[in-house]
Amino acid sequence: MAVERHQIAVYLGPIAAGVLVGWAAPGAGPGLEHVINPVLGALLYVTFLQVPARDLLRSLRDGRFLAAALTVNFVVVPLVVAAMFLFLPADQAVRLGVLLVLLTPCVDYVIVFSGLAGGSSRRLLAATPLLLLVQMALLPLFLLLFLGNGLVDTVEAGPFLRAFLFLIVIPLGLAWLTQARTARAAGTLGTAMVPLMAATLFVVVASQVPKLTGDVTKVLGVVPFYVVFLVVMAFVGRAVARSFRLDTAASRAVVFTGATRNSLVVLPLALALPQQVTAAVVVTQTLVEVLGMVAYVRLVPRLIR
């Protein structure tokens, strides 16, 4: 489909429109914010439709790829973030936003961008449920490790559990139920992933831009960290893939899973916090990352031939 071949442009358009709407009609922000979870839940449902439940156990036998994906996301990335953490702004809400987004690997459009660069989208799809479960289990531990006891006063377990249930467990269960009933319906609905991603990006950006008033400097201060993260993870991901002796397609997929982050899934967690700047910091990572993927799609095939 033409829309699938021009996904980067399809994503950049809604982001730009969201910025314009957020500035021109800030009063629409609260209403749009209520739409985030339903749209995001639909997006993840469609994403999970591409994960064949019957092939999940077989995919777990792909030990080297799964080990590389887990290593780059839950061993290497925390070490990279730890090195950056020393230089982050002192504001606790800003630091929390950066940690929320950088410590969680992407499970949606990473599949799209990896495929555009010749990466193994099928392997990433098969690894998605495992990546989701591990990141939700480890995220509270990582946050406690980085932020210490002060985390208890800032973050409650309730929003995390609700997000996991409504944005992960239920969409995943519905997707596999759909697959069990009819494979044709699953394939047809799978084509809705790109427009749903575009709608999600528009709603998220338009609802969060009005909140930047007074916090623009804080938010812009994290942009260099996100850029550095993308640059570093390109080479670190390649090194991890080489250490596991993966083929070209799998190696490119490992680079993408290490670089792309789960901003849209952790956003509801940030929105549940009293500090509005945390959500803005998370959304900013999405904007930087989408632009970064433009470069990744072109450069990763050169980095890993």
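The buried residues of helix α16 are S263, L264, V265, V266, L267, P268, L269 and A270, where buried means under 20% relative accessible area, exposed over 50% and partly exposed in between, with a 1.4 Å probe and protein chains only. Helix α16 is thus mostly covered, with eight of its nine residues buried. Helices (H or I, at least four residues) and strands (E, at least two) are DSSP runs, numbered from the N terminus.

The model is a predicted one, in which local features need pLDDT of at least 70 and side-chain atom pairs count only at pLDDT 80 or more, while totals for chains, interfaces and linings use all residues. Residues are numbered from 1 along each chain as its sequence is written, and side-chain values use heavy atoms, with hydrogens and water left out.

For the chain as a whole, the secondary structure comes to 17 helices and zero strands, and buried residues make up 55% of the 305 residues. Of the contacts with a separation of 6 or more, 88% are between residues 24 or more positions apart, a contact being heavy atoms within 4.5 Å. The chain exposes about 12,900 Å², of which carbon and sulfur atoms supply 68%; accessible areas come from the Shrake-Rupley method with a 1.4 Å probe, and for residues only the protein chains shown count as cover.

Two helix pairs are set out below; their axes are lines fitted to C-alpha atoms, over the stretch in contact for helices, and their angles run from 0 to 180 degrees between N-to-C directions.

| Helix pair | Angle | Axis separation |
|---|---|---|
| α5 (residues 63–85) and α14 (residues 223–243) | about 140° | 11 Å |
| α16 (residues 263–271) and α17 | about 170° | 8 Å |

The angle makes α16 roughly antiparallel to α17, given that angles under 35 degrees count as roughly parallel, over 145 as roughly antiparallel, 65 to 115 as roughly perpendicular and the rest as oblique. On the α16 side the contact is made by S263, L264, V266, L267, A270 and L271, and on the α17 side by T278, A279, V282, V283, Q285 and T286. By class, the contact of α16 with α17 has eight nonpolar, four polar and no charged residues, where Ala, Val, Leu, Ile, Met, Phe, Trp, Tyr, Cys and Pro count as nonpolar, Asp, Glu, Lys and Arg as charged, and the others, Gly among them, as polar.

T286 lies in helix α17 (residues 276–303) and is buried, with a relative accessible area of 3%. Leaving aside its neighbours within four places in sequence, T286 is in contact with Y109, L201, S263 and L264.

Helices α5 and α14 are, by their angle, oblique to each other. Their contact is made by A68, V72, V76, V77, V80, V81 and M84 of α5 together with F225, F229, V232, M233, V236, G237 and V240 of α14, and these residues divide into 13 nonpolar, one polar and no charged.

In the loop between α14 and α15 (248–259) sits R245, which has a positive phi of about 55° although it is not a glycine. At 62% relative accessibility, R245 counts as exposed.

L44, by contrast, is buried, with a relative accessible area of 0%, and is found in helix α3 (residues 29–49). Leaving aside its neighbours within four places in sequence, L44 is in contact with V107, D108, L167, P171 and V265. L44 and L172 are 128 residues apart in sequence, yet 7.7 Å apart in space, C-alpha to C-alpha.
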